[in-house]
Amino acid sequence: MILAPSILAADFANLQREIEMINNSEADWIHIDVMDGVFVPNISMGVPVVEAIGRHAKKPMDVHLMIVQPERYVDAFKKAGAETISVHIEACPHLHRNLQQLKSLGCKAGVALNPHTPIAQLEDIIQDVDLVCMMSVNPGFGGQKFIERTYSKIKALKELINSRKTNTLIEIDGGVNQQNAKALIDAGADVLVAGNFVFSSANPKEVIGHLKSI
Ligand code: DX5
Ligand code: ZN
């Protein structure tokens, strides 16, 4: 299992310290949530902050773009050091073109899905997707309650991936904790994002270790 702590829940006044904690932990990636106040009702961080994180990060940066018209910014996020970039299917009327752009930049190409978006919308594009970021909360905020219907969506996505024989990773984003992590992996998840469960604990590094040992 790939574990990606979400920096959205970290102490922004001590980002370097938080990144070093992740560097020294068993975490695999760093998940970075970019919000524009348009696609989602919140604003988080932009290219300069991702670039600053990248100067300290020793783990790959997994950048989740909750923004409209992501094609205007993916080049800048790639230059800032992003390894994986996910764009929202609901924000991309020309998703095939968005994925080609990500690949031409040398990024792993991710597609994020809101909780209401059916897996069927991926049927004609899954072969071009390296990672599906399946939202298990409504995007925009950390610390929300996990949506239980996510399990059946994971199973449907896994069936689609298997039937098309692609290597697409399934990432679950929102409300992940020690209670649901194992069931998510058993359902077919490859990557777990965890924000508040990690950073609001007394010992985030230890919590990362516990999640990894599931
Ligand atoms: C929500 C973000 C998530 C969030 C997860 O819009 O995409 O990555 O940081 O945070 P938790 O784990 O607290 O739900
Ligand atoms: Zn996210």
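This is a predicted model: local features need pLDDT of at least 70, side-chain atom pairs count only at pLDDT 80 or more; totals for chains, interfaces and linings use all residues.
Start with the pocket. Ligand 1 sits in the largest pocket, and that pocket contains about 280 Å³ of space. Its lining is made up of 25 residues. Nearest to the centre of the pocket are Gly 142, Gly 143, Gly 174, Gly 175 and Gly 195. Among the elements of the fold, E2, E3, E8 and helix H7 (196–199) each give two or more residues to this lining. Sorted by class, the lining has twelve nonpolar residues, eleven polar ones and two charged ones.

Turn next to the residues around the ligand itself. The shell around ligand 1 comprises 20 residues, and the closest of them are Asp 33, Gly 140, Gly 143, Asp 173 and Gly 195. Three strands each supply at least two residues of this shell: E2 (30–35), E3 (61–66) and E8 (191–194). Strand E2 gives the most, with three residues. The shell divides into eight nonpolar, ten polar and two charged residues.

Several polar contacts can be located on oxygen atoms of the ligand. From Gly 143, a polar backbone atom is 2.8 Å from an oxygen atom of ligand 1. Asn 196 also uses its backbone, with an N or O atom 2.9 Å from an oxygen atom of the ligand. His 31 makes its contact through the side chain, where a polar atom lies 3.3 Å from a ligand oxygen atom. As for cover, ligand 1 taken alone exposes 380 Å², and the protein buries 99% of that area.

Conventions: Residues are numbered from 1 along each chain as its sequence is written. Chains are lettered from A and ligands numbered from 1 in the order in which they are written. Side-chain values use heavy atoms; hydrogens and water are left out. A residue is near a molecule or strand if one of its heavy atoms lies within 4 Å of it. A polar contact is a pair of N or O atoms within 3.5 Å; within protein, one must be able to donate a hydrogen and the other to accept it, and residues adjacent in sequence count only if both atoms are side-chain atoms. Accessible areas come from the Shrake-Rupley method with a 1.4 Å probe; for residues, only the protein chains shown count as cover. On a 1 Å grid over the protein atoms alone, a cavity is a set of points where a 1.4 Å probe fits but cannot get out, and a pocket is an open set with protein on both sides within 12 Å along at least five of seven lines; lining residues have an atom within 4 Å of a point. A molecule sits in a cavity or pocket if more than half of its atoms lie within 2 Å of its grid points. Helices (H or I, at least four residues) and strands (E, at least two) are DSSP runs, numbered from the N terminus. Ala, Val, Leu, Ile, Met, Phe, Trp, Tyr, Cys and Pro count as nonpolar, Asp, Glu, Lys and Arg as charged, and the others, Gly among them, as polar. Grid points are joined across faces, edges and corners, and a volume is the space filled by probe spheres set on the points.
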